[in-house]
Amino acid sequence: MAHQAGFVSIIGKPNAGKSTLMNALVGEKMSIITPKAQTTRHRILGIVNDENYQIVFSDTPGVIKPHYALHESMMHQVDGSIVDADLILLVTDIYEEYDEADVLKKLERSEAPLAVLINKIDQSDEETVKKKVEFWQEKLNPKAIFAISALHGHNIKAIMDFVIGNLPEHAPYYEKDALTDRNDRFFASEMIREQVFKQYKKEIPYSTEVIVTAFIEGEKLYRISAEIIVERDSQKNIIIGKNGEMLKIVGTYARRSMEEFFQQKIFLEMFVKVIPDWRTKKNYLKQFGYE
Ligand code: GDP
Ligand code: K
Ligand code: MG
């Protein structure tokens, strides 16, 4: 049998469950997940390898209207992932509303086979699911519609079968033991950012970037240094907290995630730095890896 390989883009609105789905499909925690919108800022690849196929899933930021330069970069990545796709999985929260202006417009430009995934059916009932299936049938007439729960792993197998059934014949794009295109530093910074999203309120997570400045793989432990970058002094004080308590909490949880992910003991040190309005400045965005 000829080898199959292809790019599968996971798109949808913020909080639909894209990152949860990607992790369920790949079986590893590649993408950070929080209840807040716009947690995912970069396109992240998760690769599933088998003797006969290689599926390259691509988790993307949620589709939004750009308000500042960082958002523009995020939407650029969504557009790119639609153009490159051999297959598209549109994830929708069963209770979210759709109109022509959002994701649908972006999909019109693609000829790739599309499956609509109606997610979070664990929070719903049969009647609502049936109505949503009809809605999507009417709206997009996709190749397949699945009612799923990414969180509980419901119908993940059906999606995998659909993907494999529609994957083009192609040589592998990546090494057959590759899990992702991202390096260890990226995952380390994402695990800190996940805690920033979980531990702080309001604009703090959106004003924060995390850069890993050192990643030293010792025999007994990894030494990781990171900068937490915020936009103002007041935010720096909030990040650190009274007597450094908040930063300590972030560090403890991030370190635990890293120890699980890397299967190594981790020594983590973090510094908080202010770069005024970094989100709106193209030179900083470029430096932080947003194209
Ligand atoms: P993304 O912004 O589209 O990447 O969404 P996330 O994967 O970050 O998930 C957003 C929130 O929805 C998180 O709190 C998830 O735990 C939750 N979530 C994702 N899938 C499901 C699901 O199938 N059922 C329920 N009840 N919650 C889910
Ligand atoms: K989210
Ligand atoms: Mg996400």
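Student: Before we go on, what kind of model am I looking at?

Tutor: This is a predicted model, where local features need pLDDT of at least 70 and side-chain atom pairs count only at pLDDT 80 or more, while totals for chains, interfaces and linings use all residues. Residues are numbered from 1 along each chain as its sequence is written, chains are lettered from A and ligands numbered from 1 in the order in which they are written, and side-chain values use heavy atoms, with hydrogens and water left out.

Student: Are asparagine 15 and threonine 34 buried or exposed, or something in between?

Tutor: Buried means under 20% relative accessible area, exposed means over 50%, and partly exposed is in between (1.4 Å probe, protein chains only). Asparagine 15 has 34% relative accessibility, so we call it partly exposed. Threonine 34 has a relative accessible area of 9%, so it is buried.

Student: What coordinates the magnesium ion (ligand 3)?

Tutor: Look for Ser19 (OG) and Thr40 (OG1), which coordinate the magnesium ion (ligand 3) at 2.1 to 2.2 Å. Serine 19 is in helix H1 and threonine 40 is in the loop between H1 and S2, and the pair, 21 residues apart, links distant parts of the chain. Serine 19 is buried, with a relative accessible area of 9%, and threonine 40 counts as buried at 9% relative accessibility. The magnesium ion (ligand 3) and the potassium ion (ligand 2) are separated by 4.6 Å.

Student: How many residues surround ligand 1?

Tutor: A residue is near a molecule if one of its heavy atoms lies within 4 Å of it. For ligand 1 there are 18 such residues, and the closest are Asn15, Gly17, Lys18, Thr20 and Asp122. Then check the polar contacts, which are pairs of N or O atoms within 3.5 Å; within protein, one must be able to donate a hydrogen and the other to accept it, and residues adjacent in sequence count only if both atoms are side-chain atoms. A backbone N or O atom of glycine 17 is 2.9 Å from an oxygen atom of ligand 1, and a backbone N or O atom of serine 19 is 3.0 Å from an oxygen atom of ligand 1. From the side chain of asparagine 119, an N or O atom lies 3.1 Å from an oxygen atom of ligand 1.

Student: How do I read empty space?

Tutor: Rolling a probe the size of a water molecule over the atoms shows where empty space is left. On a 1 Å grid over the protein atoms alone, a cavity is a set of points where a 1.4 Å probe fits but cannot get out; a pocket is an open set with protein on both sides within 12 Å along at least five of seven lines, and lining residues have an atom within 4 Å of a point. The largest pocket holds about 450 Å³ of space. Its lining has 27 residues, with Asn15, Gly17, Thr20, Ile33 and Thr34 nearest the centre of the pocket. H1 gives the most to this lining, with three residues.

Student: And which residues line the largest cavity?

Tutor: Those are Gln38, Arg41, Tyr68, Leu70, His71, Met74 and Tyr206. About 30 Å³ of space lies in the largest cavity.

Student: Finally, what does the side chain of aspartate 93 reach?

Tutor: Aspartate 93 lies in strand S4 (residues 87–93) and counts as buried at 15% relative accessibility. The side chain of aspartate 93 reaches the backbone nitrogen of tyrosine 95 at 2.9 Å, and also makes a polar contact with the side chain of lysine 120 (3.3 Å).

Definitions and conventions:
Grid points are joined across faces, edges and corners, and a volume is the space filled by probe spheres set on the points. Helices (H or I, at least four residues) and strands (E, at least two) are DSSP runs, numbered from the N terminus. Donors are N, O and S atoms within 2.8 Å of the metal (3.2 Å for Na, K and Ca); water is not among the atoms, so sites may look incomplete.
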